[in-house]
Amino acid sequence: MLSHRAIWDGIDALARRHGVSVSALAKLAGLDATAFNVSKRISKDGRERWPSTESISKILEATGESFDSFLGGSGAFLSAPGGFSETGLRNIPLLGMAQAGSGGYFDSAGHPLGHGWDEVALPTPDEHGIYALEISGDSMEPLYREGDRIVVSPTEQVRRGDRVVVKTREGEVMAKILARQTAKQIELHSINPAYTPRILDIRDIEWMARIIWASQ
């Protein structure tokens, strides 16, 4: 089990690796600048306070690091109430990206349906509806490589700059970065510069869901 001190030390170390203060790290992730201040780590009555799993997910997204790198090879996982399970692992549905475009795996909102899926044990938040997809192709290299598993939440709000999975009405499923969204179109970017941006009409999109982290 990972200790309260080790979690905060991990946040401090993450900030140092990227050459920023913990306040700048919080702002980079779209959080309040005081989210990781020392004063926030102990409550007024002396009890230890844990950072939320959502805030950790956001700083990992903002820095492009994996949960494994945050843990630093300790083998322990978060166990705060409402966060990761006490064992650190739970089974979630798993599907290959190449399969995901076939019919019958998702409902119209992008939630996994109950048949045809494999399962994988990953250190994921206790959140309803999340699932894992196994990356195929090289459009998101070096961030995501062939065989990496991304964890996707169909309930998280999607904003510009988020890493997302998009399913078109024609059955194409892709992992991209949401670069721009209007009432009529979305613009999707790849990490690999060999791939040009994709501009799709909203009416051609079946659903779009946010990638919350990756197991690499």
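Which residues line the largest pocket? In this predicted model, the lining consists of Leu-28, Ala-29, Lys-58, Glu-61, Ala-62, Arg-159, Arg-160, Gly-161, Asp-162, Arg-163 and Arg-210. The space in this largest pocket amounts to about 230 Å³. The second largest pocket has a volume of about 160 Å³. The points below take each pocket in turn.

**The largest pocket**

- Seven charged residues belong to the lining of the largest pocket, together with three nonpolar residues and one polar residue.
- Helix 3, which covers residues 53-63, supplies the largest share of this lining, with three residues.
- Domain 1 (4-78) and domain 3 (131-215) each contribute at least three residues to the lining of the largest pocket.

**The second largest pocket: lining residues**

- The second largest pocket is lined by Met-97, Ala-98, Ile-135, Ser-136, Gly-137, Asp-138, Ser-139, Met-140, Val-173, Met-174, Ala-175 and Tyr-195.
- Helix 5 (97-100) and strand 6 (173-181) are the elements that each provide two or more residues to the lining of the second largest pocket.
- Strand 6 makes the greatest contribution to the lining of the second largest pocket, namely three residues.

**The second largest pocket: residue classes**

- Eight nonpolar residues occur in the lining of the second largest pocket, alongside three polar residues and one charged residue.

**The two linings side by side**

- The lining of the largest pocket includes seven charged residues, whereas the lining of the second largest pocket includes one.
- Nonpolar residues number three in the lining of the largest pocket and eight in that of the second largest pocket.

Notes: Residues are numbered from 1 along each chain as its sequence is written. This is a predicted model: local features need pLDDT of at least 70, side-chain atom pairs count only at pLDDT 80 or more; totals for chains, interfaces and linings use all residues. Side-chain values use heavy atoms; hydrogens and water are left out. On a 1 Å grid over the protein atoms alone, a cavity is a set of points where a 1.4 Å probe fits but cannot get out, and a pocket is an open set with protein on both sides within 12 Å along at least five of seven lines; lining residues have an atom within 4 Å of a point. Grid points are joined across faces, edges and corners, and a volume is the space filled by probe spheres set on the points. Helices (H or I, at least four residues) and strands (E, at least two) are DSSP runs, numbered from the N terminus. Ala, Val, Leu, Ile, Met, Phe, Trp, Tyr, Cys and Pro count as nonpolar, Asp, Glu, Lys and Arg as charged, and the others, Gly among them, as polar. Domain bounds come from an automatic or database domain assignment.
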